[in-house]
Amino acid sequence: MKKLLIALLFTFVSTSAYAGGHSPCGVTDGSIKILANEFTTYRIFMDEVKSCAGPDADFSVTHSVDHNKLQVAALSANPAEFSAKLVTNGSITTLMNDNLIRPLDDLVAKYGSALQDNQKIVIDGKIYAVAFMANAQHLWYRESILNDLGIAVPSTYEEVIAAAEKIKASGKMANPYAGAFKSGWNLGQEFVNMYLGHGGDFFKAGTAEVSVNNAKGVAALNMLKRLTEVSNPDFLTQDTNAVKEEWESGNVALMHIWNSGAASLLDDEGDQAIKADTRLAPSPSVGGGSKPATTLWWDGFGIATNTSDENAEASFRALLGAATSTEMANANPNATIWLIDGYSPGDTAGPVVDAANRGATPYPSLPYMSLLHGALSTELVEFLQGNESAEKALADVEAAYVAKATEQGFL
Amino acid sequence: MPHRTFFWFFFPSGLAMLLFIGLPIISSFFQSLHIEPEQILMEVEKCDPFGCKTETKVDIEATTKLQEEQPLGRFNGLGTYVDRNHLAFDEIKEAWTNSSSIPEFTDILLNLPFYKALLFTLTFCFAVTPPVVVLGFIVALSVNTITKSLKGPTIFGVILPMIVTPLIGSLVLFWMIDAKGILGSFIQFLFDDPNLSLKSSSQLTWITLIIYGIWHNTPFAFVVFYAALQTVPQDPIEAAIIDGASRYERVRHIVIPHLYPVATFIILICLMDNFRVLEPIIGFAAEGVAQSLSWMIYNDLRSENKMLFGSAGATSMLTIIGVAILLTPVLIRTWREFRTER
């Protein structure tokens, strides 16, 4: 009850303006309203933004796993519901398509001297976003379980399946593998990883014409199918947060999820025996390829076009304060890979750096990629349930994409 | 009532209906005839933490100019209605000529998003409505006979499923039927199958959704039946008791005929409500295996890209037509009864 009261109080404090005190980031007026995804690293980042904005600022942040679905509607309104949005290389294109985030060159010139060059997301010569972290999905494993059964850390998906089957056969766990297969964005992302791992291209070069119904697509789908066979039968309802819960309950020995998951998977809450046994490994390659089957992501912030210059400046300064905070980065070295100057990476950074070195592709920043991702999200379910062939599922994906892309004016 | 009085009596609600129901429908219809203007693409250099490369981007200036010229978008006629994501006439024609048997054709048909959604929507409607009417009636009869002091709390308990917000109700049940939840593990114990999971197969998910639908809708039928039970005339009942009619005979020959019009009303409302099923699908995370027409509209408006207003508008129109077709038999029947009564 006391905790609840404190939480309630905290909500009130965080959403209302308070008199007295001053802002470490020099925010004087304007309101800061931010839309962001929901995971621990973003919470850490937002705490820093909040303290940077100071107690005087009119500050609020909305964390939602549905942030990508809310962003267009929320930022299209004028004035927009939010003054800033945390973006990634996946979500920025949607906002760029509709001109919903503004160029930041003036603000960067005025305040951004502490920014590193690789934090600036430059599109056609203009800065549209400021990145603060890099992320990727990679393998996680339970060391004691692999050691007990004499299994080497898998470096390909074929080995992941062999390892999972061995664990299953030993009777230690019924469903030793987990991935975020929830129908929707997560499922689409699993296919994106696996297809890129097989060396596939989503579109015919330079056009919006889709091409996933090919041998690589079929191989990617078959691999996903084999992974789901060693996963919890409820896999279609499990997103990243549900997978993390499975891990913390000790039901899973191998999983492929985000590097930023370390912030909650390795903290001091929950079963410490499992946490001490949790190890990170590079993302596996697949089908004899050399590239890991994963995508590289950056996370940053953009400022809404449809907000006043005053709000834009206040939001930019507060967010910039956190995006250049060496202190925050070094206080939480394992929360993610910060792109901030002066940050010394923690021991969890390895797999992402490894993925970049082995040539993993960044998630495609194409204006029509989210339409394809949406089509993948819904059309692959029947295949994974065994009701449809891989070719049929991929043909459905292409057809669903074509119908949507035509309506959107891309084809 | 003179026509003039009736007109002024009806005018405020008629105006409100026109403004808040009529106009939005007309506006959705117009929107459904249009698609987004063409997107003009350009190649630009993009630099991010992983390096610089040339990539495609929407030419904002040129596209905005096009948008300003055609704020509604490009006129597409009924194009959106017949595309693959809706009625899919071309695909059906192709399937008809290419498939060798009816089951094969049905397979292809039910693989198209609109027909897949329609199948679930209709199954849900027709699987939920009859049990709701029967259960609601039985519950109402039982509650009607218990002593006065217990009635209040019992009624509250019975209508609880209706009070709980559908999304919350389904979320609560979703966690209860989880393999480690109280209902989920009980079912595993019951069937002696440790791998049984209600979320894993489409059939079990459909059954779960339908049971949820019955649970959620029964209170509505109960409330209406219970109110109607209070109007059952006591004289014929007393006469029947004197004549030695059993409780079953009294219900069968006096109560049911009296409640008949009420049952029609409940069926009407239930069909209409269940045709618009959405929340349980979201709550049970069943999007993958069970899609309804409302879910298609929701998905169009919450896709990660721009909102597909045209597509959502078209599905809305088709839903309205669907509801109209569904209700026609019941409405015709009511109209005939109305005529004969006069």
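Start by selecting α2(A) and α13(A): α2(A) passes α13(A) in a right-handed crossing (right-handed if the near helix is turned clockwise from the far one by less than a right angle, left-handed if anticlockwise). You are looking at a predicted model, where local features need pLDDT of at least 70 and side-chain atom pairs count only at pLDDT 80 or more, while totals for chains, interfaces and linings use all residues. To find your way, note that residues are numbered from 1 along each chain as its sequence is written, and that chains are lettered from A and ligands numbered from 1 in the order in which they are written.

Helix α2 covers residues 40-53 of chain A and helix α13 covers residues 309-323 of chain A; they pack at an angle of about 125°, with axes 8 Å apart. (Helices are DSSP runs of H or I with at least four residues, strands are runs of E with at least two, and both are numbered from the N terminus. Axes are lines fitted to C-alpha atoms, for helices over the stretch in contact, and angles run from 0 to 180 degrees between N-to-C directions.) That is why α2(A) and α13(A) are oblique to each other (under 35 degrees counts as roughly parallel, over 145 as roughly antiparallel, 65 to 115 as roughly perpendicular and the rest as oblique).

Now show the contact itself: F45(A), E48(A), V49(A), C52(A) and A53(A) from α2(A), with A318(A), L319(A), G321(A) and A322(A) from α13(A). (In contact means that the C-beta atoms, placed from the backbone, lie within 7 Å.) Colour these residues by type and you get seven nonpolar, one polar and one charged (Ala, Val, Leu, Ile, Met, Phe, Trp, Tyr, Cys and Pro are nonpolar; Asp, Glu, Lys and Arg are charged; the others, Gly among them, are polar).

Next, select residues 215-229 and 390-408 of chain A. These are helices α9 and α18, packed at an angle of about 115° with axes 9 Å apart. That makes α9(A) roughly perpendicular to α18(A). The contact joins G217(A), V218(A), L221(A) and N222(A) of α9(A) to A390(A), E391(A), A393(A) and L394(A) of α18(A).

Zoom out to chain A, with its 18 helices and eleven strands. Buried residues make up 56% of its 411 residues (buried means 20 or more other C-beta atoms within 10 Å of the residue's own, exposed means 12 or fewer, and partly exposed is in between; C-beta atoms are placed from the backbone).

Hop over to chain B, which has 15 helices and four strands. Here 32% of the 342 residues count as buried. Its C-alpha atoms fill a box of roughly 90 × 70 × 50 Å along the principal axes.

Where do the chains meet? Select the 44 residues of chain B that are in contact with 48 residues of chain A. Elements giving two or more residues to this side of chain B are β2 (41-48), β3 (51-58), α2 (60-69) and α15 (309-341) of chain B. The largest share, six residues, comes from β2(B). By type, this side of chain B divides into 15 nonpolar, 15 polar and 14 charged residues.

Last stop: Q230(B), in the loop between α10 (202-229) and α11 (234-242) of chain B. Is Q230(B) buried or exposed? With 7 C-beta neighbours inside 10 Å, Q230(B) counts as exposed.

Note on methods
Contact = placed C-beta atoms within 7 Å.
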